[in-house]
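This report covers the fold, the surface and the charged side-chain pairs of one protein model. Please keep the sequence and the 3D view at hand while reading.

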Amino acid sequence: ASDEAEEGFRANLRETEVTRRIENTAPATESIAVDESEEKSRLIGEILELQSTLEDLSQRVQSVKEANMKFKSENQVLSQYIENLMASSSTFQGTSPREFPKLNA
């Protein structure tokens with residue numbers, strides 16, 4: 001009977017010790033949960049900000065592409081205009097490359 005009482009006492013003591021440890025770690029667990037929640041909120045905020053930045057950059061790339069196409073078209077028109085002017089001008093008719101005198105080395 002004494003052994004059973006002692007074993008019961010020890011089991012009770014272990015149970016009390018386990019309960020105390022759980023209670024002592026509960027605030028730490030809550031603190032970890034709060035930290036994880038704050039980290040999750042921070043990461044979500046960063047993700048949303050990066051998505052917004054990506055959207056802005058995509059719109060900027062699209063507008064630059066459109067401007068580039070416009071400038072290419074304008075360059076083609078100007079090139080054709082200059083060629084037509086040169087063809088119709090007597091200044092540019094019948095010219096041949098000049099020959100420069102050779103230098104004696």
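A salt bridge here is a side-chain nitrogen of Lys or Arg within 4 Å of a carboxyl oxygen of Asp or Glu. The side chains of Glu46 and Arg42 meet that rule, with 2.1 Å from N to O. The model is a predicted one, and the distances and areas in this report are computed from it.

**Overall layout**

The protein has one helix and zero strands. That element, helix 1, covers residues 2–88. Of the 105 residues of the protein, 1% count as buried. The accessible surface comes to about 10,200 Å², and carbon and sulfur atoms account for 57% of this area.

**Salt bridges**

Side chains of opposite charge can pair when their charged atoms come close.

| Pair | N to O distance | Separation in helix 1 |
|---|---|---|
| Arg42 and Glu39 | 2.7 Å | three residues |
| Glu46 and Arg42 | 2.1 Å | four residues |

Arg42 and Glu39 both lie in helix 1, about one turn of the helix apart. Glu46 and Arg42 also lie in helix 1, and their spacing is again about one turn. Through shared partners, the salt bridges join Glu39, Arg42 and Glu46 into one network.

Arg42 has a relative accessible area of 41%, so Arg42 is partly exposed. Glu39 has a value of 37% and therefore also counts as partly exposed. Glu46, with 36%, is partly exposed as well.

**Nonpolar patch**

Which residues make the nonpolar surface patch? Tyr81, Ile82, Leu85 and Met86 make it, and its area is about 400 Å². Tyr81 lies in helix 1. The relative accessible area of Tyr81 is 52%, so this residue is exposed.

**Summary**

The predicted model contains one helix and zero strands. Helix 1 holds Arg42 and Glu39 as well as Glu46, and these residues form one salt-bridge network. Helix 1 also holds Tyr81, one of the residues of the nonpolar surface patch.

Methods: Residues numbered from 1 in each chain as written. Predicted model: local features only at pLDDT ≥ 70, side-chain atom pairs only at ≥ 80, totals over all residues. Heavy atoms only, no water. Patch = residues over 30% accessible without salt bridge, like charges linked within 9 Å, V, L, I, M, F, W, Y side chains within 5 Å. Areas by Shrake-Rupley, 256 points an atom, 1.4 Å probe, with all protein chains shown as cover. Helix = DSSP H or I, 4+ residues; strand = E, 2+ residues; numbered from the N terminus. Buried < 20%, exposed > 50% of the residue type's maximum accessible area, 1.4 Å probe, protein only.
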